[in-house]
Structures are given as structure tokens and as C-alpha cells.
Amino acid sequence: MCGIAGFTLSFGLSPEERRARFGHRLRSMAASLKHRGPDAQTALLLDGMALGHARLSIVDLAGGAQPIRDPATGVTIVFNGEIFNYLELRKRSRYRFRTRSDTEVILACYLERGIDCVLDFIGQFAFAIYDPRIRTLWLARDRVGILPLHYTESAEGFAFASEAKALFAGGWRTPALDARGVKQTLQLWSPVPPRTNFEGVSQLAPGSVARWSNGRFETWRYWEPDLGVEPRAGLEAAKAEEELGVLLEDAVGLRLRADVPVAAYLSGGLDSSLLCGIAQSQLGGSLTTFSVGFAEGDFDERAFQEDVAGRLATRHHSVLVTGREIGGLLPAVVRQAEQILLRSAPAPLLRLSALVRACKTKVVITGEGSDEIFLGYDLYRETRVREFWARRPDSKMRPALLRRLYPYLPMSRQGHELLQQFFAIGLEDPTSPAFSHLPRWAASGRILRFFSRSFAERTADEDPVASVLASLPAKLRGWRLQARAQYLEMQTLLAGYLLSAQGDRMLMGNSVEGRFPFLDHRLVEFAAALPERLKLRGLAEKWILKRYAARWVPKAILERKKFPYRAPIAAALTGPEAPAWTRELLSREAARKVGVFDEEKVEKLVAKLSARGGVASEADSQAVIAVATTHLLADQLLPPAPVPMHEVEAVDLEAT
Amino acid sequence: MNARARIRRFIVESFFVDVFSDEESFLRNSIIDSLGMLELVAFLEKEYGIKIADTELIPENLDSLARVCAFVERKQLAGTTAA
């Protein structure tokens, strides 16, 4: 994977003038993305357009340097990602290729089909194509949002980059928090695109293309998960299982294509174990696997990881992370994520990608997406129970099913009837598009009461739930309940958090590319058209996937209770072992300086948690990580902090 | 300070909530999360010298300030009667 950046500039300047006026700016942007592409950083100044690139070489190591320019038309591309079916597309094309890279395949497809070429791509991508014939800049982002793409418009022109920090490095924006984006992230786990956590910095929504031409910016969706599709009536389980196997094995096979070795993450759960099984078989036994373990037993899955690695005979590496280390990693995590977090779970993944890199590996396949497309999350089971309950709100029996959903939460002494009250939020209207997510958003929304008076007033007219609902396609209203839940989950949690703050950013922080077989769009579309009973059978989640997985995965893993990936946090920030800087980070002074949270409430929260040695309820844990990462975002990326930067002089500059 | 004011203060201080009415459901309005309810129970036991059985952890007893106050009153009364 790589990093891309660029901006518009005035036409008709000589190469020397362009160099003098824009060279440093473009090189700074490319240099700030070096972590995404340590192998080479380049900057190209064309007439009217600046394009920068940081390269992580994976395909066509020798010939894949970017930007790539078509000599006949001058059309030029910078590309971050992978087009996994590039060999097939290349065969179909009449273009005279000069490299073996997938980047040139995009260029060829664009020249033959225009921007609709994105529909032919199986892959993960964010790219920019400048077409001088029509003086137009095209941007595109992959269907589900695996790779990031940000942009900003100003009086000087239009600029884009993989990460916001490159826009800061180019001087396009002075970093400042976006109040609405902050409020949305605190309640929804992610801002609602195009908003981000930074003022004036937008993100291209997943599955979108954009056009900048003649000073005008336009964007539209070219793909959306059509979860409302009519399920294939009468589809037999055996047939579905067979089709699933063919698709998933092909999705894994395509993702093992690379000119460097491809390894895999192994969490010890069903999804990653399954991918590792398939990959190991396709690689003929040479698979390397990587896992993270926790010193805190409640979060640890090492026994399962070692079991699977042993049975599959992979070369297995793992790293043990303590709560204290997680605290120590947090500043770097936030700097990379460029987003407020409600969980500490990204931190161990930054540590894990460092291990991958230390083992001289550049690419891993990983299991994200399976829970979204095959209805694996508890959220779907919870939604099913709540809907069942909503039909007879007075029933005592129906909500009792909730008890079966969350056996891993520490609630031994909890009154189940009390717990049920919480899940009754929004029960009166099961047709509401937000029905599935209201309990979660009510829980995360508790953090909003920590706002300082001034911040609360500033954001009084921002209702994050209303904002996300307004962003939904109109057709969603006619969809089945689970399909609506799924769509919300893919937009907010998956694209806005799991694939970005916890995914791409934590991988790229150590120059490692992640590949996501479950998010192959053919598989997403296949799963959407499966009858619901094949996915969520009663309260048995991912039913068809488990049935298929039985041929690859040990029985013990198949029968494991679902174990969500989580990491400790409250003790790392407020317990007796918390590093000294956390006191400053969570101090009244920090709260006053950043201005988002009320000083007194922050002080009381910290006092409450410290008094308990960092043992915290879910609500208090979430509050303390939200405050800490909001303050870190300001501390690490807002002035007077310097923009994260690498050597500008190392960026190769060309002007033609 | 009477019981109602004292319990209200505990909730404000522990759950960082500013405004809520005596009748509002703690759980349905996300004033207190389900684990927070256990903090509330621990507080009541300590503060009022009562013992609360698991079977008493039900919304009717605990899911609003008014219900909590009535429940504590009943428990204290029962304690006095028994003694």
C-alpha cells in the first residue's frame, strides 16, 4: 500500500516556476506520508496539477514506481492500494503496457472506459487520476472504505491526501478540531462522511468517486451495499455453502497475489482461523501468522491462537501486550488514527504491525468484514430479540432472551431485569431506521454530558444520530430490519472505525498492508442475497459460514463462544501504574485548554477511577478513553505541535 | 440532607449527569448504565445500612429516583420492624 497526495495549481507556469513555487509544498506532503510508503517518495509537478506519492513496493518491485503517466494523452495516476484482478483486466485490455504493475492497469482501464472503470475493480484502493485533456482531477475510493482519502478546498485550490496530516504538512489547513465531527465521533464511533475530526478537512465516502474540474467539486456513490436485495428464495444450505466456498477461496487466492510474501493475522476466532486455513492450503504450507496476546487474562486469546497455529503448522509469531504498554502507545495511536477513539483496541494492533514489520513482512490478510456480512455481531442478535420483544412489550419471557447475548460481560450480580430496561430503548418503534443502534448510541451518548458548557452550546444544533440518519439512502426505509442494522454497521463502525482507526492506520503506522478477503465485494453481494435464516439462524450467528468453516477450522474454535476483540484501558490511564503524563493529559488544565470537556467532571471521573485502581464500568472506561484521545488529538496534531514529518529532502522532485 | 437529596447527589457525582427528574427511568434514559446500577446498590447498602437481595434488583425498586427512595424507605421500615 502507499500514500498519495496532490493539489491543483495554476496553468501555464514553466517547470522552473512550478518547482520554485510548489516544489516544497508537494514534497512536504509526500514526506509526511512516508510511513505509508517508506520505499520511495516522489513528487511530480505537471501543468496545472501536483501529484505526490509514497511507495510501499509490493507488486512489480522494479517497474511500479509512481506517478505513472500515459505518454500519448498525459493522463497521470497516483494510487494507494491493490487491484487484485489486475492480471485478468490486463489480459482484456488493448493498452500497450510498459510495466507489470496494477497501477498501470487502472490507467489503461480509465483510458478505455472512463471513471466507470472502478466498477471492474476487485480491490482496495484510493487513487487520483489527472486528465489534462479535460483538465479534470478524478478521485476514487474503494467500495467499503478500506483505504482513506481526504481533501480540502480553499481559495488557493483543491488538495487531497491519504491522511489529513499531509494536508497540514502542505499548509492547506491549520489543524483545528471540527466541533460537529468531534461530537459525532464521540457518540457514533466515527464522524459522518464527508466530515472528519478536523475543521475544513473532508473525507471521500466509501464507494465514491469525485471530480474536480473548472473550480467545481462533485462527488457521488458508484457502489453501495445493496442489502435490500430480494433473498434468493429456496436456496439450499448445501448449495449456498458450496458457492460461499468457491467465492471465499477465490477471494483469499487473489489476496495472496504479491511479489513479496503474504502473511496473516490470527486472532484465535473463527474468521481469521478460517482465512489462515485456506491461505495455508493455497500456499502449500508456507504461511506465517501473527497474533497479539494480553497479559490481562480477560482479554487474552493466546491459547486459541496457538492451537490453530499448531494445527495448521504455520510459522507463528506473537507479541504480548500489557495494559501499561497500551497507555504508552496511545499518543502514537491517535497521531496515526487522526480520530477520537472510544476503545483502546487499536493500540495492540499498532504493536502487532510493528512485529510484522520487524519480521520483514509487508502484507497480511485479516478477517474484518465477516461479522458485518454474515451477521456475526451480537448487535444483530440483540436486534432480533428486541424486535421480537417489541411485538409484545409486556412479555416477561421475550426480553429474557437477552440474557443469552452477553455472557462475557462482567455482570454476575446484575439484575437481568435491570439490564433489560436498557435494551428497551427505542422499543416503541421497530420501524425506525435507527432501531438496532439506539441502545449502543444511548450508551456512547453518555459521554456528551461531560461536555464543557461552551462546547455543548457550540454543538447544540448537532444531533449525531440525526446526522447519520440523514446520510442514509432513502431506499433503506423499505429494507428488512437486519439489513438496516447491517448498513448502519458498515457505514459507522466498519468504515469509520474498524477499517480506518483500528485498521489501515494501525497497519500503515508501521508500513504494513492489510488485505481483507471477507470484504471482496462479490462476497458482500453474495451474502446480502442469502436468506436471513442461512446467516442468523434463531440466535446462532454466521450459520452458513460456520458450516463451511468446519472443513478448515478445529471444532474447538467453531464451538467457541463469540469473543469480541477488546483491550484494557482504564487502569492504563488512571491506575497505580499509569505513566506520569496521563495525569497531565487528564488534568483540569488540559480540559480547559482543549475546551471540549468540563474540567470538573473530568477531574471527578479520574478521581473516581483512581480510587478504584482503574477498575471501571463500561461507561466510565469509554468516557476516560474518549477524554484521553480527544486531548491527545489536540496535543499531538494541533498547534503548537509540529506536523508529523519525515525528511523532505528525500522526496524525489520532477517537473515536466 | 434528606434521603432524596443525598441519593440525587450521589447520582450526579458518580454518573456525571446534571438534570433529571425524580420519575425518569435511569436505564431507559441512559442516566445510569447497568453496571452503574450496582454502584448505586453498593451506595444504598452502605449509606443506609440495608441489605439488598439479588431478587430485589428489579426496575420496580431501582429504576428512578422516586422508586429508589420508596424502596429504601420500605427497606428501612422493614429493618426497624424486624428489630
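In which helix of chain A is Q421(A) found? Q421(A) is found in helix α14, which covers residues 416-423; helices (H or I, at least four residues) and strands (E, at least two) are DSSP runs, numbered from the N terminus. The structure is a predicted model, in which local features need pLDDT of at least 70 and side-chain atom pairs count only at pLDDT 80 or more, while totals for chains, interfaces and linings use all residues. Residues are numbered from 1 along each chain as its sequence is written, chains are lettered from A and ligands numbered from 1 in the order in which they are written, and side-chain values use heavy atoms, with hydrogens and water left out.

Chain A has 28 helices and 18 strands. Its radius of gyration is 24 Å, close to the 26 Å that the globule rule gives for 656 residues, so chain A is as compact as a globular protein of that length. The radius is taken over C-alpha atoms, and the rule is 2.2 Å times the number of residues to the power 0.38. Along the principal axes, the C-alpha trace of chain A spans about 75 × 60 × 50 Å. Of its 656 residues, 65% count as buried; buried means under 20% relative accessible area, exposed over 50%, and partly exposed in between (1.4 Å probe, protein chains only). Among contacts in chain A between residues at least 6 apart in sequence, 73% join residues at least 24 apart, where contact means heavy atoms within 4.5 Å.

The accessible surface of chain A comes to about 23800 Å², of which 51% belongs to carbon and sulfur atoms. Accessible areas come from the Shrake-Rupley method with a 1.4 Å probe, and for residues only the protein chains shown count as cover. Chain A carries 85 positive and 76 negative side chains, with the centres of the two sets 2 Å apart. Lys and Arg count as positive and Asp and Glu as negative, while His and the chain ends are not counted; the place of a charge is taken as NZ of Lys, CZ of Arg, CG of Asp or CD of Glu.

Chain B has four helices and zero strands, and from the N terminus on its elements run α-α-α-α. The radius of gyration of chain B is 12 Å, close to the 12 Å that the globule rule gives for 83 residues, so chain B is as compact as a globular protein of that length. Its C-alpha atoms fill a box of roughly 40 × 30 × 20 Å, taken along the principal axes. Of the 83 residues, 49% count as buried. Residues 24 or more positions apart account for 48% of the contacts in chain B with a separation of 6 or more. The accessible surface of chain B is about 4100 Å², with 53% belonging to carbon and sulfur atoms. There are 10 positive and 14 negative side chains in chain B, and the centres of the two sets lie 4 Å apart.

How many residues of chain B are in contact with chain A? There are 29, and they are in contact with 26 residues of chain A. The area buried between the chains is about 2400 Å², of which carbon and sulfur atoms give 53%. In chain B, F16(B), R28(B) and S30(B) lose the most area to chain A, together 30% of what that side buries. Buried area is the accessible area (1.4 Å probe) that two parts lose on being put together, summed over both. On the side of chain A, Q421(A) counts as buried at 15% relative accessibility. Leaving aside neighbours within four places in sequence, Q421(A) is in contact with S25(B), L27(B), R28(B), P59(B) and D63(B).

Some backbone details of chain A remain. Most residues other than glycine have a negative phi, and most peptide bonds are trans. A cis peptide bond joins P193(A) and P194(A), with omega about 10°; P194(A) lies in the loop between α5 (179-188) and β10 (202-203). The peptide bond from P639(A) to P640(A) is also cis, with omega near 10°, and P640(A) is in the loop between α28 (618-637) and β18 (652-655).

R135(A) has a positive phi, near 45°, and is found in the loop between β6 (123-131) and β7 (136-141). R135(A) is partly exposed, with a relative accessible area of 46%. K542(A) has a positive phi near 50° and lies in the loop between α21 (532-535) and α22 (543-549); K542(A) is buried, at 4% relative accessible area.
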